[in-house]
Amino acid sequence: MERFLCLIVVCVLVHFSAAQTVHVVGDGMGWDIPSNVPYINWVSGRTFRVGDILEFNFVTNQHDVVRVPQASYTACSDDNAIGDIITTGPVNITLSSAGDHYYICTFGSHCNAGQRLAITVISSTPGAANPPATPTTPATPSPTFSQPDACAPTTTPNAGGPGAGMVPPNSASTSLAAGFLLNTVLFTGIALLF
């Protein structure tokens with residue numbers, strides 16, 4: 001029995017040390033033109049590590065996201081984009097390297113209106129392997145709407161503002177619980193063999 005409890009404790013420690021954090025960009029607002037809270041406020045107090053995930057929740061055909069160098073971020077330009085412009089939302093981007101990361105929306109004047117994000121990513125635990133920098137699309141598809149030609153916000157009141165009624169998936173808790181359950185079942189089976 002002692003061996004079994006020790007094995008469970010080790011599994012929990014290993015799982016939590018390797019766990020990644022999913023950061024839902026803008027929280028309930030999502031990836032949108034900020035109405036009164038700039039993304040710099042959202043970033044404040046957060047720690048971004050290699051292996052963490054940025055979840056950009058946006059409506060396809062109304063926004064996009066692309067990583068750019070600092071000069072392009074400052075100029076709100078997709079010149080010298082780092083990777084492809086991602087036009088289908090929502091999307092998860094794994095942070096694969098330490099350093100400063102810059103993201104913008106290239107639709108109309110969205111970037112100039114504040115739809116841009118600057119973060120500093122720190123290294124994960126020493127000796128840990130860096131995950132690939134491949135954006136992934138979550139299983140839940142986003143609704144698609146037609147984009148107005150002018151790309152300007154409408155003056156029609158939106159009950160509750162951008163993202164009202166949209167609750168981002170609690171992917172961090174779900175994956176953590178699933179991983180813990182999988183580890184527990186796997187190591188319980190191994191422990192029973194001894």
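Modeller: Contact here means heavy atoms within 4.5 Å. The model is a predicted one, and it holds one disulfide. Cys 76 and Cys 111 form that bond, with their sulfur atoms 2.1 Å apart. The torsion about the S-S bond of Cys 76 and Cys 111 is about -75 degrees, so the disulfide is left-handed. The pair links distant parts of the chain, 35 residues apart. Cys 76 sits in the loop between helix 3 (70–75) and strand 5 (82–86), while Cys 111 lies in the loop between strand 7 (99–104) and strand 8 (116–122). Both Cys 76 and Cys 111 are buried. Another cysteine, Cys 105, has a relative accessible area of 1%; the cut-off for buried is under 20%, so Cys 105 is buried.

The loop between helix 3 and strand 5 also holds Asp 78. With a relative accessibility of 36%, Asp 78 counts as partly exposed. Leaving out residues up to four places away in sequence, Asp 78 touches Val 66, Val 68, Ile 85, Ile 104 and Thr 106. For one of these, Val 66, the separation from Asp 78 is 12 residues in sequence and 7.5 Å in space, C-alpha to C-alpha.

A further loop, between strand 3 (53–56) and strand 4 (65–68), contains Asn 57. Asn 57 has 13% relative accessibility and counts as buried. Its side chain makes a polar contact with the side chain of Glu 55, at 3.2 Å.

Key:
Residues are numbered from 1 along each chain as its sequence is written. This is a predicted model: local features need pLDDT of at least 70, side-chain atom pairs count only at pLDDT 80 or more; totals for chains, interfaces and linings use all residues. Side-chain values use heavy atoms; hydrogens and water are left out. A disulfide is a pair of cysteine sulfur atoms within 2.5 Å. Helices (H or I, at least four residues) and strands (E, at least two) are DSSP runs, numbered from the N terminus. Buried means under 20% relative accessible area, exposed over 50%, partly exposed in between (1.4 Å probe, protein chains only). A polar contact is a pair of N or O atoms within 3.5 Å; within protein, one must be able to donate a hydrogen and the other to accept it, and residues adjacent in sequence count only if both atoms are side-chain atoms.
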